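Here is a short report to read alongside the model. It looks at the surroundings of the ligands and then at a set of paired strands.

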Amino acid sequence: AARLNPLDLYDVRSLLSDEERMVQDSVARFTDEKVLPIIGDCFDQGRFPHELIPEIAGLGLLGATIPEAYGGAGMNGVCYGLICQELERGDSGLRSFASVQSSLCMYPIFAYGSEEQKQRYLPKMAAGEIIGCFGLTEPHGGSDPANMKTVAKKDGDDWVLNGAKMWITNGNLAHIAIVWAQTDDGIRGFIVPTDTKGFTAQEVHKKMSLRASVTSALFLDDVRVPGDALLPSVKGLKGPLGCLTQARYGITWGPIGAAQACLKEALDYTAERMLFGRSLSANQAIQLKLADMARRITAAQLISLQLGRLKDAGALQPTQVSLAKWNNVRMAIDIARECRDVLGGAGITTEHAAIRHALNLESVITYEGTETVHQLVVGRELTGINAF
Ligand code: TGC
Ligand code: FAD
(Lines give C-alpha, C1' and ligand atoms only; values in the text may rest on other atoms or scores of the structure.)
(Ligands and ions follow the chains in the order given, each with its own letter.)
Protein backbone atom coordinates (compact mmCIF):
# COMPACT_ATOMS: atom_id res chain seq x y z
CA ALA A 1 0.00 0.00 0.00
CA ALA A 2 1.06 3.59 -0.57
CA ARG A 3 2.53 5.27 2.50
CA LEU A 4 0.06 7.32 4.49
CA ASN A 5 0.44 11.07 4.91
CA PRO A 6 2.01 11.31 8.41
CA LEU A 7 0.11 14.56 9.04
CA ASP A 8 -3.25 13.11 7.96
CA LEU A 9 -3.22 9.38 8.76
CA TYR A 10 -6.98 8.93 8.24
CA ASP A 11 -7.09 10.93 5.00
CA VAL A 12 -9.45 13.47 6.54
CA ARG A 13 -8.79 15.57 3.46
CA SER A 14 -10.79 13.05 1.41
CA LEU A 15 -13.84 14.07 3.48
CA LEU A 16 -13.58 17.66 2.21
CA SER A 17 -15.39 19.11 -0.79
CA ASP A 18 -13.43 20.47 -3.76
CA GLU A 19 -14.08 24.01 -2.58
CA GLU A 20 -12.87 23.20 0.93
CA ARG A 21 -9.69 21.65 -0.46
CA MET A 22 -9.09 24.70 -2.66
CA VAL A 23 -9.42 27.06 0.28
CA GLN A 24 -7.06 24.93 2.35
CA ASP A 25 -4.49 24.87 -0.45
CA SER A 26 -4.56 28.61 -1.03
CA VAL A 27 -4.06 29.41 2.66
CA ALA A 28 -1.38 26.71 2.93
CA ARG A 29 0.51 28.34 0.05
CA PHE A 30 0.25 31.74 1.73
CA THR A 31 1.61 30.30 4.99
CA ASP A 32 4.48 28.50 3.27
CA GLU A 33 5.50 31.42 1.06
CA LYS A 34 4.74 34.49 3.14
CA VAL A 35 4.53 33.50 6.81
CA LEU A 36 7.12 30.82 7.49
CA PRO A 37 10.09 32.78 6.06
CA ILE A 38 9.55 35.72 8.46
CA ILE A 39 7.62 34.49 11.46
CA GLY A 40 10.55 33.34 13.63
CA ASP A 41 12.03 36.84 13.39
CA CYS A 42 8.64 38.47 14.06
CA PHE A 43 8.31 36.38 17.22
CA ASP A 44 11.87 37.32 18.29
CA GLN A 45 11.22 40.99 17.69
CA GLY A 46 7.74 40.96 19.26
CA ARG A 47 6.29 42.23 15.99
CA PHE A 48 2.94 41.46 14.34
CA PRO A 49 3.53 41.23 10.54
CA HIS A 50 0.91 43.85 9.63
CA GLU A 51 2.33 44.07 6.10
CA LEU A 52 0.53 40.76 5.45
CA ILE A 53 -2.95 42.21 6.14
CA PRO A 54 -3.75 43.18 2.51
CA GLU A 55 -2.92 39.69 1.28
CA ILE A 56 -4.85 38.03 4.12
CA ALA A 57 -7.84 40.17 3.14
CA GLY A 58 -7.28 39.51 -0.56
CA LEU A 59 -7.51 35.77 0.05
CA GLY A 60 -10.93 36.27 1.66
CA LEU A 61 -9.74 35.24 5.13
CA LEU A 62 -11.41 38.13 6.99
CA GLY A 63 -15.07 37.40 7.54
CA ALA A 64 -14.81 34.24 5.45
CA THR A 65 -18.30 33.09 6.46
CA ILE A 66 -19.96 36.52 6.12
CA PRO A 67 -22.22 36.71 3.02
CA GLU A 68 -20.76 38.25 -0.12
CA ALA A 69 -23.42 40.98 -0.01
CA TYR A 70 -21.49 42.42 2.95
CA GLY A 71 -18.05 41.90 1.43
CA GLY A 72 -17.42 38.49 3.02
CA ALA A 73 -16.43 35.33 1.18
CA GLY A 74 -19.68 33.45 1.94
CA MET A 75 -17.77 30.27 2.83
CA ASN A 76 -19.03 27.50 5.11
CA GLY A 77 -17.82 26.76 8.62
CA VAL A 78 -15.46 23.98 7.53
CA CYS A 79 -13.65 26.41 5.18
CA TYR A 80 -13.30 28.85 8.07
CA GLY A 81 -11.85 26.05 10.20
CA LEU A 82 -9.35 25.11 7.50
CA ILE A 83 -8.30 28.77 7.25
CA CYS A 84 -7.60 28.77 10.99
CA GLN A 85 -5.69 25.49 10.73
CA GLU A 86 -3.41 26.66 7.94
CA LEU A 87 -2.81 30.10 9.49
CA GLU A 88 -1.90 28.55 12.82
CA ARG A 89 0.46 26.12 11.10
CA GLY A 90 2.33 29.39 10.55
CA ASP A 91 1.73 31.02 13.92
CA SER A 92 -1.03 31.34 16.50
CA GLY A 93 -0.67 35.12 16.24
CA LEU A 94 -1.88 35.19 12.65
CA ARG A 95 -4.80 32.90 13.43
CA SER A 96 -5.63 35.15 16.40
CA PHE A 97 -5.69 38.17 14.11
CA ALA A 98 -8.13 36.43 11.77
CA SER A 99 -10.24 35.00 14.63
CA VAL A 100 -10.70 38.37 16.26
CA GLN A 101 -11.49 40.23 13.05
CA SER A 102 -13.86 37.55 11.74
CA SER A 103 -15.55 35.92 14.73
CA LEU A 104 -15.31 38.55 17.43
CA CYS A 105 -15.79 41.77 15.43
CA MET A 106 -17.45 41.09 12.08
CA TYR A 107 -19.71 38.36 13.49
CA PRO A 108 -21.37 40.55 16.19
CA ILE A 109 -21.93 43.35 13.67
CA PHE A 110 -23.42 40.81 11.27
CA ALA A 111 -25.50 38.96 13.88
CA TYR A 112 -26.49 41.79 16.23
CA GLY A 113 -26.00 44.96 14.16
CA SER A 114 -28.42 47.21 12.29
CA GLU A 115 -28.52 47.16 8.49
CA GLU A 116 -26.75 50.54 8.52
CA GLN A 117 -23.96 49.19 10.78
CA LYS A 118 -23.48 46.15 8.54
CA GLN A 119 -23.21 48.26 5.38
CA ARG A 120 -20.95 50.76 7.02
CA TYR A 121 -18.43 48.38 8.57
CA LEU A 122 -18.44 44.86 7.12
CA PRO A 123 -17.15 45.46 3.56
CA LYS A 124 -14.24 47.57 4.84
CA MET A 125 -13.47 45.02 7.55
CA ALA A 126 -13.42 42.22 4.98
CA ALA A 127 -10.99 44.34 2.93
CA GLY A 128 -8.73 44.82 5.97
CA GLU A 129 -9.25 48.59 5.81
CA ILE A 130 -11.00 48.66 9.18
CA ILE A 131 -9.45 46.45 11.86
CA GLY A 132 -11.39 45.54 14.98
CA CYS A 133 -10.71 44.37 18.50
CA PHE A 134 -13.05 42.75 21.04
CA GLY A 135 -13.15 44.03 24.60
CA LEU A 136 -14.76 41.60 27.01
CA THR A 137 -12.07 40.60 29.54
CA GLU A 138 -11.37 42.99 32.39
CA PRO A 139 -8.32 43.25 34.65
CA HIS A 140 -10.09 41.81 37.71
CA GLY A 141 -10.98 38.46 36.10
CA GLY A 142 -11.77 37.21 32.63
CA SER A 143 -13.37 33.86 33.39
CA ASP A 144 -16.41 35.51 34.92
CA PRO A 145 -17.46 38.17 32.41
CA ALA A 146 -20.96 38.41 33.93
CA ASN A 147 -19.25 40.38 36.68
CA MET A 148 -17.92 43.12 34.37
CA LYS A 149 -17.38 46.60 35.78
CA THR A 150 -17.33 48.59 32.54
CA VAL A 151 -20.52 50.64 32.37
CA ALA A 152 -22.40 52.49 29.66
CA LYS A 153 -24.86 55.20 30.70
CA LYS A 154 -27.43 56.79 28.45
CA ASP A 155 -27.05 60.61 28.15
CA GLY A 156 -29.64 62.08 25.80
CA ASP A 157 -29.17 60.20 22.54
CA ASP A 158 -25.55 59.36 23.39
CA TRP A 159 -23.92 56.66 25.47
CA VAL A 160 -21.01 57.37 27.85
CA LEU A 161 -18.67 54.46 28.59
CA ASN A 162 -16.28 54.06 31.53
CA GLY A 163 -14.06 51.14 32.45
CA ALA A 164 -11.05 49.09 31.42
CA LYS A 165 -10.46 45.97 29.33
CA MET A 166 -7.36 43.74 29.54
CA TRP A 167 -5.47 41.37 27.21
CA ILE A 168 -7.15 42.64 24.07
CA THR A 169 -5.82 41.18 20.80
CA ASN A 170 -5.34 43.81 18.05
CA GLY A 171 -5.98 46.58 20.63
CA ASN A 172 -3.31 48.95 19.29
CA LEU A 173 -3.97 48.02 15.65
CA ALA A 174 -7.71 48.51 15.75
CA HIS A 175 -9.82 51.26 14.23
CA ILE A 176 -12.90 50.08 16.12
CA ALA A 177 -13.43 48.19 19.36
CA ILE A 178 -16.47 46.02 20.10
CA VAL A 179 -16.89 46.91 23.76
CA TRP A 180 -19.20 45.01 26.09
CA ALA A 181 -20.55 47.06 28.99
CA GLN A 182 -23.09 46.87 31.77
CA THR A 183 -26.16 49.11 31.27
CA ASP A 184 -29.37 49.62 33.24
CA ASP A 185 -30.75 47.10 30.77
CA GLY A 186 -28.06 44.39 31.20
CA ILE A 187 -24.89 43.76 29.17
CA ARG A 188 -24.86 45.51 25.76
CA GLY A 189 -22.32 45.76 22.93
CA PHE A 190 -21.01 49.00 21.40
CA ILE A 191 -18.96 49.79 18.29
CA VAL A 192 -16.42 52.31 19.56
CA PRO A 193 -14.05 54.04 17.10
CA THR A 194 -10.64 53.91 18.76
CA ASP A 195 -9.96 57.59 17.98
CA THR A 196 -12.89 58.66 20.19
CA LYS A 197 -11.87 61.11 22.92
CA GLY A 198 -11.25 59.28 26.21
CA PHE A 199 -10.36 55.95 24.56
CA THR A 200 -6.77 54.75 24.97
CA ALA A 201 -5.02 51.50 24.11
CA GLN A 202 -1.76 50.55 25.81
CA GLU A 203 0.29 47.70 24.40
CA VAL A 204 1.24 44.83 26.74
CA HIS A 205 5.00 44.23 26.71
CA LYS A 206 7.27 41.51 28.17
CA LYS A 207 5.07 38.76 26.70
CA MET A 208 6.69 35.31 26.40
CA SER A 209 3.78 34.03 24.30
CA LEU A 210 1.96 35.21 21.18
CA ARG A 211 4.80 37.62 20.53
CA ALA A 212 3.85 38.02 16.85
CA SER A 213 0.49 39.49 17.90
CA VAL A 214 -0.59 42.81 19.35
CA THR A 215 -2.08 42.54 22.87
CA SER A 216 -3.34 45.64 24.67
CA ALA A 217 -5.11 47.11 27.66
CA LEU A 218 -8.02 49.41 26.79
CA PHE A 219 -9.09 52.36 28.93
CA LEU A 220 -12.45 54.07 28.55
CA ASP A 221 -12.67 57.39 30.32
CA ASP A 222 -15.98 59.14 29.65
CA VAL A 223 -16.02 57.85 26.08
CA ARG A 224 -19.05 59.37 24.39
CA VAL A 225 -20.56 57.58 21.39
CA PRO A 226 -23.79 58.29 19.50
CA GLY A 227 -26.90 56.15 19.97
CA ASP A 228 -26.23 54.27 16.74
CA ALA A 229 -22.99 52.82 18.19
CA LEU A 230 -25.13 50.35 20.17
CA LEU A 231 -25.58 46.86 18.70
CA PRO A 232 -29.38 46.80 18.74
CA SER A 233 -30.27 43.13 18.47
CA VAL A 234 -28.73 41.48 21.53
CA LYS A 235 -28.92 41.94 25.27
CA GLY A 236 -27.21 40.01 28.06
CA LEU A 237 -24.17 37.75 28.33
CA LYS A 238 -25.38 35.65 25.44
CA GLY A 239 -24.19 38.49 23.14
CA PRO A 240 -20.47 38.10 23.81
CA LEU A 241 -20.78 34.35 24.51
CA GLY A 242 -22.38 33.88 21.09
CA CYS A 243 -19.30 35.51 19.51
CA LEU A 244 -17.03 33.29 21.61
CA THR A 245 -18.76 30.18 20.31
CA GLN A 246 -17.81 31.25 16.76
CA ALA A 247 -14.21 32.06 17.67
CA ARG A 248 -13.72 28.97 19.84
CA TYR A 249 -14.99 26.82 16.98
CA GLY A 250 -12.17 28.21 14.80
CA ILE A 251 -9.69 27.73 17.64
CA THR A 252 -10.44 24.01 17.71
CA TRP A 253 -8.97 23.85 14.16
CA GLY A 254 -6.03 26.21 14.62
CA PRO A 255 -3.95 24.11 17.03
CA ILE A 256 -4.19 21.15 14.64
CA GLY A 257 -2.04 23.23 12.29
CA ALA A 258 0.42 24.12 15.05
CA ALA A 259 0.69 20.45 16.05
CA GLN A 260 1.19 19.35 12.43
CA ALA A 261 4.01 21.88 12.03
CA CYS A 262 5.69 20.50 15.15
CA LEU A 263 5.26 16.83 14.18
CA LYS A 264 6.64 17.54 10.70
CA GLU A 265 9.65 19.25 12.22
CA ALA A 266 10.23 16.39 14.67
CA LEU A 267 9.92 13.76 11.92
CA ASP A 268 12.46 15.56 9.71
CA TYR A 269 14.85 16.24 12.56
CA THR A 270 14.84 12.75 14.07
CA ALA A 271 15.26 11.14 10.63
CA GLU A 272 18.44 13.17 9.98
CA ARG A 273 20.01 13.13 13.41
CA MET A 274 22.52 10.29 13.90
CA LEU A 275 23.17 9.17 17.45
CA PHE A 276 24.63 5.89 18.70
CA GLY A 277 25.22 4.85 15.09
CA ARG A 278 21.62 5.10 13.92
CA SER A 279 19.06 7.74 13.14
CA LEU A 280 17.24 9.08 16.15
CA SER A 281 13.93 8.01 14.65
CA ALA A 282 15.03 4.34 14.78
CA ASN A 283 14.68 4.35 18.59
CA GLN A 284 11.55 2.90 20.16
CA ALA A 285 11.36 5.70 22.70
CA ILE A 286 11.26 8.27 19.89
CA GLN A 287 8.79 6.33 17.74
CA LEU A 288 6.42 6.01 20.69
CA LYS A 289 6.40 9.78 21.02
CA LEU A 290 5.90 10.37 17.30
CA ALA A 291 3.13 7.76 17.10
CA ASP A 292 1.38 9.30 20.05
CA MET A 293 1.48 12.71 18.38
CA ALA A 294 -0.04 11.30 15.18
CA ARG A 295 -2.75 9.54 17.19
CA ARG A 296 -3.75 12.71 18.95
CA ILE A 297 -3.66 14.85 15.80
CA THR A 298 -5.90 12.33 14.00
CA ALA A 299 -8.48 12.41 16.79
CA ALA A 300 -8.44 16.22 16.82
CA GLN A 301 -8.92 16.41 13.04
CA LEU A 302 -12.00 14.19 13.22
CA ILE A 303 -13.41 16.14 16.15
CA SER A 304 -13.08 19.48 14.36
CA LEU A 305 -14.43 18.20 11.07
CA GLN A 306 -17.53 16.75 12.73
CA LEU A 307 -17.93 19.98 14.69
CA GLY A 308 -17.79 21.88 11.40
CA ARG A 309 -20.39 19.62 9.81
CA LEU A 310 -22.66 20.18 12.85
CA LYS A 311 -22.09 23.93 12.55
CA ASP A 312 -22.93 23.96 8.86
CA ALA A 313 -26.08 21.94 9.59
CA GLY A 314 -27.09 24.53 12.21
CA ALA A 315 -26.90 21.94 15.00
CA LEU A 316 -23.79 23.07 16.89
CA GLN A 317 -24.05 23.23 20.71
CA PRO A 318 -21.64 25.39 22.78
CA THR A 319 -20.77 22.38 24.99
CA GLN A 320 -19.52 20.51 21.91
CA VAL A 321 -17.26 23.47 21.13
CA SER A 322 -15.96 23.47 24.71
CA LEU A 323 -15.02 19.78 24.51
CA ALA A 324 -13.14 20.36 21.25
CA LYS A 325 -11.37 23.53 22.39
CA TRP A 326 -10.17 21.73 25.51
CA ASN A 327 -9.12 18.55 23.67
CA ASN A 328 -7.43 20.16 20.68
CA VAL A 329 -5.48 22.87 22.49
CA ARG A 330 -4.31 20.36 25.10
CA MET A 331 -3.28 18.02 22.26
CA ALA A 332 -1.25 20.74 20.55
CA ILE A 333 0.50 22.14 23.61
CA ASP A 334 1.57 18.65 24.72
CA ILE A 335 2.85 17.87 21.21
CA ALA A 336 4.71 21.19 20.87
CA ARG A 337 6.45 20.68 24.22
CA GLU A 338 7.35 17.08 23.34
CA CYS A 339 8.72 18.15 19.94
CA ARG A 340 10.83 20.80 21.64
CA ASP A 341 12.31 18.03 23.77
CA VAL A 342 12.97 15.72 20.82
CA LEU A 343 14.96 18.50 19.12
CA GLY A 344 17.32 18.70 22.09
CA GLY A 345 19.25 21.95 22.37
CA ALA A 346 18.20 22.94 18.86
CA GLY A 347 14.66 23.06 20.18
CA ILE A 348 15.24 26.10 22.34
CA THR A 349 15.68 28.73 19.61
CA THR A 350 13.22 30.16 17.12
CA GLU A 351 15.32 28.66 14.29
CA HIS A 352 12.89 25.79 14.83
CA ALA A 353 9.15 26.20 15.28
CA ALA A 354 8.42 23.93 18.26
CA ILE A 355 9.23 26.30 21.09
CA ARG A 356 7.42 29.18 19.38
CA HIS A 357 4.28 27.07 19.02
CA ALA A 358 4.61 25.73 22.58
CA LEU A 359 4.88 29.25 23.97
CA ASN A 360 2.04 30.56 21.79
CA LEU A 361 -0.22 27.75 22.92
CA GLU A 362 0.17 28.94 26.52
CA SER A 363 -2.03 31.85 25.45
CA VAL A 364 -4.36 29.72 23.38
CA ILE A 365 -5.03 27.39 26.31
CA THR A 366 -5.94 30.44 28.44
CA TYR A 367 -7.88 32.70 26.10
CA GLU A 368 -11.40 32.13 24.80
CA GLY A 369 -12.14 30.30 28.04
CA THR A 370 -9.38 28.58 30.01
CA GLU A 371 -9.02 24.82 29.86
CA THR A 372 -10.67 24.61 33.30
CA VAL A 373 -13.65 26.71 32.14
CA HIS A 374 -14.25 24.32 29.24
CA GLN A 375 -13.87 21.25 31.46
CA LEU A 376 -16.48 22.71 33.81
CA VAL A 377 -18.83 23.42 30.89
CA VAL A 378 -18.63 19.75 29.91
CA GLY A 379 -19.00 18.68 33.54
CA ARG A 380 -22.12 20.81 33.86
CA GLU A 381 -23.58 19.22 30.75
CA LEU A 382 -22.97 15.72 32.15
CA THR A 383 -24.21 16.33 35.68
CA GLY A 384 -26.63 19.22 35.35
CA ILE A 385 -24.72 20.91 38.19
CA ASN A 386 -23.08 24.34 37.71
CA ALA A 387 -19.69 24.08 39.49
CA PHE A 388 -18.20 27.45 38.47
P1 TGC B 1 -25.07 31.76 31.69
O2 TGC B 1 -25.30 32.88 32.65
O3 TGC B 1 -25.55 30.38 31.97
O4 TGC B 1 -25.59 32.12 30.23
C5 TGC B 1 -25.80 33.41 29.81
C6 TGC B 1 -26.56 33.37 28.50
O7 TGC B 1 -25.64 33.03 27.43
C8 TGC B 1 -26.06 31.82 26.78
N9 TGC B 1 -24.83 31.08 26.50
C10 TGC B 1 -24.26 31.03 25.31
N11 TGC B 1 -24.65 31.49 24.11
C12 TGC B 1 -23.84 31.26 23.07
N13 TGC B 1 -22.68 30.61 23.18
C14 TGC B 1 -22.24 30.14 24.36
N15 TGC B 1 -21.08 29.52 24.47
C16 TGC B 1 -23.06 30.33 25.49
N17 TGC B 1 -22.94 29.99 26.79
C18 TGC B 1 -24.03 30.47 27.39
C19 TGC B 1 -26.96 31.13 27.76
O20 TGC B 1 -27.86 30.30 27.11
C21 TGC B 1 -27.64 32.31 28.43
O22 TGC B 1 -28.64 32.81 27.56
P23 TGC B 1 -30.00 33.44 28.15
O24 TGC B 1 -30.84 33.69 26.94
O25 TGC B 1 -30.53 32.38 29.07
O26 TGC B 1 -29.59 34.67 28.87
O27 TGC B 1 -23.55 31.75 31.47
P28 TGC B 1 -22.68 30.51 31.66
O29 TGC B 1 -22.88 30.00 33.06
O30 TGC B 1 -22.86 29.54 30.55
O31 TGC B 1 -21.25 31.18 31.56
C32 TGC B 1 -20.25 30.87 32.46
C33 TGC B 1 -18.95 30.69 31.73
C34 TGC B 1 -17.85 30.55 32.76
C35 TGC B 1 -19.02 29.43 30.86
C36 TGC B 1 -18.72 31.91 30.83
O37 TGC B 1 -18.77 33.07 31.59
C38 TGC B 1 -17.42 31.82 30.09
O39 TGC B 1 -17.37 31.23 28.99
N40 TGC B 1 -16.31 32.40 30.62
C41 TGC B 1 -15.04 32.48 29.93
C42 TGC B 1 -14.92 33.85 29.32
C43 TGC B 1 -14.13 33.84 28.04
O44 TGC B 1 -14.02 32.88 27.34
N45 TGC B 1 -13.58 34.99 27.70
C46 TGC B 1 -12.93 35.13 26.41
C47 TGC B 1 -12.66 36.56 26.09
S48 TGC B 1 -12.31 36.87 24.40
C49 TGC B 1 -10.84 36.20 24.09
O50 TGC B 1 -10.25 35.55 24.88
C51 TGC B 1 -10.30 36.45 22.74
S52 TGC B 1 -8.77 35.76 22.40
C53 TGC B 1 -8.87 35.93 20.74
C54 TGC B 1 -7.68 35.58 20.00
O55 TGC B 1 -6.66 36.30 20.10
O56 TGC B 1 -7.78 34.61 19.19
P1 FAD C 1 -8.84 34.31 35.55
O2 FAD C 1 -10.25 34.33 35.12
O3 FAD C 1 -8.43 35.16 36.70
O4 FAD C 1 -8.44 32.78 35.87
C5 FAD C 1 -7.25 32.45 36.60
C6 FAD C 1 -7.21 30.92 36.82
O7 FAD C 1 -8.34 30.54 37.60
C8 FAD C 1 -7.31 30.13 35.51
O9 FAD C 1 -6.45 29.02 35.60
C10 FAD C 1 -8.76 29.66 35.49
O11 FAD C 1 -8.93 28.46 34.77
C12 FAD C 1 -9.02 29.44 36.97
N13 FAD C 1 -10.43 29.50 37.32
C14 FAD C 1 -11.30 30.50 37.06
N15 FAD C 1 -12.53 30.20 37.54
C16 FAD C 1 -12.43 28.97 38.11
C17 FAD C 1 -13.34 28.11 38.79
N18 FAD C 1 -14.63 28.44 38.95
N19 FAD C 1 -12.88 26.94 39.26
C20 FAD C 1 -11.58 26.58 39.09
N21 FAD C 1 -10.67 27.37 38.46
C22 FAD C 1 -11.10 28.54 37.98
N23 FAD C 1 -9.97 38.84 26.08
C24 FAD C 1 -10.80 39.61 25.33
O25 FAD C 1 -11.86 40.02 25.78
N26 FAD C 1 -10.46 39.94 24.06
C27 FAD C 1 -9.30 39.55 23.49
O28 FAD C 1 -9.02 39.86 22.32
C29 FAD C 1 -8.40 38.74 24.26
N30 FAD C 1 -7.19 38.37 23.74
C31 FAD C 1 -6.29 37.73 24.55
C32 FAD C 1 -4.99 37.51 24.09
C33 FAD C 1 -4.04 36.92 24.91
C34 FAD C 1 -2.64 36.74 24.43
C35 FAD C 1 -4.40 36.51 26.21
C36 FAD C 1 -3.41 35.84 27.12
C37 FAD C 1 -5.68 36.72 26.67
C38 FAD C 1 -6.64 37.34 25.86
N39 FAD C 1 -7.92 37.64 26.32
C40 FAD C 1 -8.78 38.41 25.58
C41 FAD C 1 -8.27 37.36 27.71
C42 FAD C 1 -8.61 35.92 28.00
O43 FAD C 1 -9.86 35.59 27.51
C44 FAD C 1 -8.52 35.73 29.52
O45 FAD C 1 -7.16 35.77 29.87
C46 FAD C 1 -9.16 34.44 29.98
O47 FAD C 1 -10.56 34.44 29.75
C48 FAD C 1 -8.90 34.16 31.46
O49 FAD C 1 -9.17 35.28 32.23
P50 FAD C 1 -8.07 35.81 33.28
O51 FAD C 1 -6.78 35.96 32.55
O52 FAD C 1 -8.60 37.00 33.95
O53 FAD C 1 -7.88 34.63 34.31
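Which helices each supply at least two residues of the shell around ligand 1? They are helix H4 (92-112), helix H6 (238-272) and helix H10 (371-383). Helices here (H or I, at least four residues) and strands (E, at least two) are DSSP runs, numbered from the N terminus.

Before going on, please keep in mind that this is a predicted model, in which local features need pLDDT of at least 70 and side-chain atom pairs count only at pLDDT 80 or more, while totals for chains, interfaces and linings use all residues. Residues are numbered from 1 along each chain as its sequence is written, and chains are lettered from A and ligands numbered from 1 in the order in which they are written.

**The two ligand shells**

A residue counts as near a molecule if its C-beta atom, placed from the backbone, lies within 6 Å of it. Around ligand 1 there are 27 residues, and Ser 96, Thr 169, Lys 238, Pro 318 and Gly 369 come nearest. H6 gives the most to this shell, with six residues.

Ligand 2 is surrounded by 21 residues, the closest being Thr 137, Gly 142, Ser 143, Thr 370 and Thr 372. Two or more residues of that shell come from each of E1, strand E3 (158-169) and H10. E3 gives the most, with three residues.

| Shell | Nonpolar | Polar | Charged |
|---|---|---|---|
| Ligand 2 | nine residues | 11 residues | one residue |

Six of the eight residues of strand E4 (residues 176-183) are buried, so the strand is largely enclosed by the rest of the structure. Buried means that 20 or more other C-beta atoms lie within 10 Å of the residue's own, with C-beta atoms placed from the backbone.

Two strands pair if DSSP finds at least two bridges between them. Strand E1 (residues 132-135) pairs with E4 in the parallel sense over four bridges, and Gly 135 has Val 179 in E4 as its bridge partner. Strand E5 (residues 186-193) runs antiparallel to E4, joined by eight bridges; here Trp 180 is bridged to Gly 189 in E5. E4 and E5 form a hairpin with two residues between them.

Methods:
Buried ≥ 20, exposed ≤ 12 C-beta atoms within 10 Å, placed from the backbone. Nonpolar A, V, L, I, M, F, W, Y, C, P; charged D, E, K, R; others polar.
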